[in-house]
Amino acid sequence: MCYETDAAPPRFTPAGHALAEAAALNLTSADGTAVGAFLARPEHPAGPGVLVLPDNRGLSGFYRRTAVRLAEQGFPALVVDYYGRTAGADPERRAPEFGEFPNLLPHLLALTPEGLDADLTAGADHLRALGAAEVVALGFCFGGRQAFRAAAPRFGLAGAVGFYGYPDTLNGAPGPTQLAAGLTAPILAFWGGADEHIPSSAVAAFDAALTEAGCAHEFTTFPQAPHNYFELAAVQHLDAARASWHRLLNFLSERTIRRTSGGHP
């Protein structure tokens, strides 16, 4: 698991937008499953909607706070949970249980690509229904892996951003590297050079696969940063976190500029 339940994202930019909403809600996936979610929406959106994809713990406080940070910058942000099919649509009720990995594991192993795709699509569709002309996926750890997968055309996204998402085969399932030939949305990826979970060789292989596929991408590796460096408590890595945050905001703003100018993402 990437972030503890009390983790918080750092704040590097002051709030520039008042919030119209910051609340939990339920979505309905394509197979009728109730999906837990959290929406933070500015009064006057100034950019694409952001589909926030959590680590394997699912929707926790870190991601609610991240959604609020994004909405304060003008980007409507919706976090989706992954566990409606096995644990119910209320992440708060099972938060203590999912704090222990052995309790989480059966639910994690029950996830399927089809279910994940349906839930991600439900989240993106909800942002579009709220008026977002473009949607960008933003994921962390397990969610970063899913964000990379969501760069496929079937999701219709304007971009995908991943923080330390494992790109290679995992438990026999193909990862973004193996799926790279089918990825088309621009990808922005952040990596920790001191990440014990993702070797530099896996990052290089993903880079090469995206290049061969012709998928626009930008990778940034922070040499001394660990796996979960984007966190308020990781004070020794705040420079890496700050640089990542500003590059993320630029990436989102670029999607807005290209849409309004008639260009293509």
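Guide: First, a term. Ala, Val, Leu, Ile, Met, Phe, Trp, Tyr, Cys and Pro count as nonpolar, Asp, Glu, Lys and Arg as charged, and the others, Gly among them, as polar. Note too that this model is predicted.

Visitor: By class, what does the lining of the largest pocket have?

Guide: The largest pocket holds about 800 Å³ of space. Its lining takes in 26 residues, with Leu108, Phe142, Arg145, Leu170 and Asn171 nearest the centre. Sorted by class, the lining has two charged, six polar and 18 nonpolar residues.

Visitor: Which elements give two or more residues to that lining?

Guide: The lining numbers 26 residues. The elements that supply two or more of them are helix 4 (101-109), helix 5 and helix 6.

Visitor: How is helix 5 oriented to helix 6, parallel or perpendicular?

Guide: The axes of helix 5 (residues 113-129) and helix 6 (residues 142-149) come within 11 Å. They cross at roughly 80°. Angles of 65 to 115 degrees count as roughly perpendicular. Therefore helix 5 is, to helix 6, roughly perpendicular.

Visitor: Which residues of helix 6 make the contact with helix 5?

Guide: By class, this contact has four nonpolar, one polar and two charged residues. Helix 5 brings Pro113, Leu116, Asp117 and Leu120. Helix 6 brings Phe142, Gln146 and Arg149.

Visitor: How many residues apart are Glu72 and Arg11?

Guide: The whole structure has 14 salt bridges. In one of them, the side chains of Glu72 and Arg11 meet at 2.8 Å, N to O. Glu72 sits in helix 1 (residues 61-72), and Arg11 in the segment before strand 1 (19-28). The pair links distant parts of the chain, 61 residues apart.

Technical notes
Residues numbered from 1 in each chain as written. Predicted model: local features only at pLDDT ≥ 70, side-chain atom pairs only at ≥ 80, totals over all residues. Heavy atoms only, no water. Axes fitted to C-alpha atoms, helices over the stretch in contact; angles between N-to-C directions. Helix = DSSP H or I, 4+ residues; strand = E, 2+ residues; numbered from the N terminus. Parallel < 35°, antiparallel > 145°, perpendicular 65-115°, else oblique. Contact = heavy atoms within 4.5 Å. 1 Å grid on protein atoms, 1.4 Å probe; cavity = no way out; pocket = protein on both sides within 12 Å on 5 of 7 lines; lining within 4 Å. Points joined across faces, edges and corners; volume = space filled by probe spheres on them. Salt bridge = Lys/Arg side-chain N within 4 Å of Asp/Glu carboxyl O.
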